[in-house]
Amino acid sequence: MNFRTVKTVIAREYLTKVKKKSFLLTTFLVPVLIAAAIVVMSLIMTQTGERKQNVAVIDQSGFVLPYLTDNKANTYLDFSTEDPESFKQRLDEFKMDVLVVVSPLDTVAKTVSVQAYSKKPLGVDFSSEVSAKVDDAVEAYRIDSYGIENLSQIMKDVKSNVRVTEYTLDDSGNETVSESGIYMAVSMVLGIFIFMFITMFGGMVMSSVIEEKSSRVVEVLISSAKATELMFGKIIGVALVALTQFLLWIVLTLVIVGVVGGIIGLDSLKNMDPQQMAQVSQMSGMDPSQLESLGVAVDTAAVAAPAGEMDVVVTTLANIPWVTLIVSFFIFFILGYLLYASLFAAIGSAVENEADTQQLQLPLTIPLMVAYMIVFVAFRNPDGGLAFWGSMIPFTSPIVMLARIPYGVPMWQLVLSIVLLFLTFVACAWVSAKIYKVGILMFGKKSTFKDLWKWLKQN
């Protein structure tokens with residue numbers, strides 16, 4: 001193989017792809033969409049200017065109304081003297097948004113029923129809020145009905161809410177707080193990235209091969225370069241396109257989020273309550289006095305005594321082996337891409353249009369789908385047999401191993417997985433090159449797996 005020729009093919013493939021309008025469009029559009037999603041979610045989380053609802057309450061039980069207390073979203077008003085049937089028709093007249101009717105007490109079951117009427121469908125939050133408050137009222141009534149002194153306090157005292165605090169021990173015996181949900185979220189995001197990039201850019205290799213074959217351009221190219229040089233040049237060229245696009249997405253997303261955050265961020269911070277700002281101060285490491293100097297209210301007591309859940313999140317994120325994770329991400333991404341791209345290139349050489357690839361492409365997409373399903377098993381038992389073998393088998397390891405790394409993977413398993421993936425790539429690249437040499441010049445016949453096997457044996 002002439003590496004100078006391969007280098008020329010790589011440069012041609014790279015420049016051809018990055019100059020396409022579709023590449024430029026997706027490169028700049030995707031970061032805008034990601035940044036917009038981040039900004040919109042941030043605005044939703046910090047939005048406090050919700051429209052309050054006026055809720056009319058007709059309490060026929062006589063004990064529920066005191067538990068329906070006002071909050072930021074709802075104001076409860078007493079209309080217990082009104083007739084429910086007539087009041088339903090006069091909501092606009094009383095400037096009410098919702099009517100809540102509490103039935104008389106069922107003396108046998110010691111409970112009540114509740115109906116809510118409104119001209120617009122009510123949200124889930126409203127129904128959950130009213131249900132919870134009515135439950136509290138009914139429970140309090142039942143406790144009082146026993147006539148036992150201080151029974152309500154006794155009931156409160158016996159209630160328990162025990163939570164398991166997870167600790168991770170290092171080799172020295174030091175313990176740190178951890179949270180499995182954080183590991184699961186990181187694993188899922190990495191799995192989605194690997195799955196998306198392998199399928200997207202592997203498909204790009206296949207489409208490029210099919211395009212050159214159907215347009216007969218490959219006949220000209222094959223006269224000045226070997227088929228294997230064309231295949232490897234195309235695979236590496238597209239890989240460089242993928243890395244370029246990926247890095248540009250990261251940089252552009254950070255720039256856009258930073259600029260937009262700088263423009264609207266301060267107003268959003270000022271709208272957050274002091275308790276939320278205490279959490280922001282703790283997570284960002286910003287001094288509360290710096291935020292207060294910008295006109296942002298901060299609950300300094302909450303900063304001095306931070307919330308336990310937030311501590312767990314921050315500590316768990318700090319415990320993740322980020323260096324190992326990032327290095328492994330690029331290794332598994334590159335090797336996984338090279339493995340599947342070589343197979344996609346072989347399939348592309350065997351057909352003349354993308355409609356004929358469905359049957360041949362199926363054996364490649366199934367392992368990727370299986371790998372993604374194994375990830376969900378790995379969340380429950382990252383060291384289990386299925387997760388272990390999924391991270392060792394080269395066709396699933398790029399996705400499964402990355403899902404296991406946040407939970408901690410022995411170095412020998414990580415190295416073994418990389419070695420097996422590399423060796424499998426070399427073997428598949430050799431097989432794909434043999435198929436590519438024959439298939440790239442085959443025209444006028446729809447190829448099958450039997451044909452691929454025949455071409456493999458011919459060389």
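User: What percentage of the 459 residues of the protein chain count as buried?
Analyst: This is a predicted model. A residue is buried when its relative accessible area is under 20%. Of the 459 residues in the protein chain, the share that counts as buried is 39%.

User: How many helices and strands are there in the protein chain?
Analyst: The protein chain holds both kinds of element. Its strands number six, and its helices number 18.

User: Is Val189 buried, partly exposed or exposed?
Analyst: Val189 lies in helix α6, which covers residues 180-214. Its relative accessible area is 44%. Buried means under 20% and exposed means over 50%, so a residue in between is partly exposed. Val189 is therefore partly exposed.

User: What distance separates the C-alpha atoms of Val189 and Ala403?
Analyst: Along the chain, Val189 and Ala403 are 214 residues apart. In the model, their C-alpha atoms are separated by 8.9 Å.

User: Which word describes how α14 lies relative to α15?
Analyst: The axes of α14 (residues 358-380) and α15 (residues 385-392) come within 8 Å and cross at roughly 135 degrees. Angles over 145 degrees count as roughly antiparallel and 65 to 115 as roughly perpendicular, so an angle between those ranges falls to the remaining class. That makes α14, relative to α15, oblique.

User: How do the residues of the contact of α14 with α15 divide into nonpolar, polar and charged?
Analyst: From α14, the contact uses Ile374, Val377 and Ala378. From α15, Leu386, Ala387 and Gly390 take part. Gly counts as polar, while Ala, Val, Leu and Ile count as nonpolar. The division is five nonpolar, one polar and no charged.

Definitions and conventions: Residues are numbered from 1 along each chain as its sequence is written. This is a predicted model: local features need pLDDT of at least 70, side-chain atom pairs count only at pLDDT 80 or more; totals for chains, interfaces and linings use all residues. Side-chain values use heavy atoms; hydrogens and water are left out. Axes are lines fitted to C-alpha atoms, for helices over the stretch in contact, and angles run from 0 to 180 degrees between N-to-C directions. Helices (H or I, at least four residues) and strands (E, at least two) are DSSP runs, numbered from the N terminus. Angles under 35 degrees count as roughly parallel, over 145 as roughly antiparallel, 65 to 115 as roughly perpendicular and the rest as oblique. Contact means heavy atoms within 4.5 Å. Buried means under 20% relative accessible area, exposed over 50%, partly exposed in between (1.4 Å probe, protein chains only).
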